[in-house]
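Dear colleague,

I am handing over the structure below, and my notes on it follow. Please read them with the model open beside you.

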Amino acid sequence: MSLLFYNTSEKVISLSKKVFNRHFEIDPQLKLDYDDRRKSLMYEDILYNMSYLNIAIEFDDDKIFTEYSIWLYHLMCNLMKDLSKDRIKDQMITHYELLKVALAEILPEDEFDIAIKHLSSAIMATEAEAKDFKQSVRFDNGNFVDLRKIYLERLMKNDTMGAISVIKNASDSGIPLDSIYLEILQEVMYEVGNLWQKNIITIDKEHYCTSTTQVALSQFYPTIFSRPRNGKKIITCCVGSELHEMGIRMLSDLFEYNGWNSIYLGAAVPNAALLHSIEENKPDLIALSVTMPQHLILCYDLVKSIRENYPSIKIAVGGRAFQTSDELWKKWDVDISANDAADFVIWANENIVKKQF
């Protein structure tokens, strides 16, 4: 396991302070660009950056740290609008170069070589992104764009009743439940994340949008739980301390809607607790969700435990952490990963439900 795994260790803390201080030494302009609050956040980001780098080293995945560096560049550009995009680019590249020097002191040669590869890739990705800075246009493409915009508008106005009514009216108009989930609500929540990244909304607004959307989902439960059963069972949860549960909740609902009995364990489920639930419920399929790559190591350990103790149970993995990796799941002993909940349901019905007949 990479030495960076414990990012609170004395060596890593010492390294972080060294990188932090060295950056100010070689770039005096930072003292003018950064007030005390920004300095504090900068130090926290160094630890955070190394946690992402650790995962990239652990799995030697070519996309995890690079995709993160692009996301971070956009975030910093939106948070520090008083600085030019080129200035932020230069700060990030300097940081990555300083990490290269510092990591030589604590990593064995094999891990250091992998770290250099990922840091160099992040530098190239940041330089390319600075030349071709694009904002996401995902929200304005696809089906039901007008409904998405109306629902998002209600959320931005803290109009809970209005937002829920938009979704109820969409259902009453005949829009299928899976389309409401995946093409309206899911896309709005992606856009909410983008708005936070752009520093347009604050974290309290993002939490409100999430909780209101959970209420909107709940109005479909009478329909979902009244559907005919197919005799199959799925356990769904977020791994480790993962708190981003919206995606796996939608997945659980859609499986229930398609006749499965779903056991939704929610967010931040300890590995031992999930293994206990598997023993108790004997599911046909387990779906594990990971949004933050830092939880991938726990997920990997969990997959190995499930395979060792319950070799016949199918395992599905998903979430943003897998979407921003280089098909990492294919290196694991799992059965399926997909970017879309509907694809999970289709696969499960084809490979589990139909095979019982």
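Strand β1 (residues 233–239) and β2 run parallel and are joined by six bridges, where strands (E, at least two residues) and helices (H or I, at least four) are DSSP runs numbered from the N terminus. Within this pairing, Ile234 has Ser262 of β2 as its bridge partner. Please note that this is a predicted model, in which local features need pLDDT of at least 70 and side-chain atom pairs count only at pLDDT 80 or more, while totals for chains, interfaces and linings use all residues. Residues are numbered from 1 along each chain as its sequence is written, and side-chain values use heavy atoms, leaving out hydrogens and water.

The open sheet has five strands in the order β2-β1-β3-β4-β5, with parallel pairing (two strands pair if DSSP finds at least two bridges between them). Because β2 (261–269) and β5 (336–337) each have a single partner strand, they stand at the edges, and one side of each is left without a neighbour in the sheet. Helix α12 (residues 246–257) packs on the sheet and touches β1, β2 and β3 (285–289), its direction making about 175° with that of β2; contact means heavy atoms within 4.5 Å, and angles run from 0 to 180 degrees between N-to-C directions, with axes fitted to C-alpha atoms, for helices over the stretch in contact.

Turning to a loop, Ser312 lies between α14 (296–309) and β4 (314–318), and it counts as exposed because its relative accessibility is 65% (buried is under 20%, exposed over 50%, partly exposed in between, with a 1.4 Å probe and protein chains only). The C-alpha atoms of Ser312 and Asp284 are separated by 8.3 Å, although these residues are 28 residues apart along the chain.
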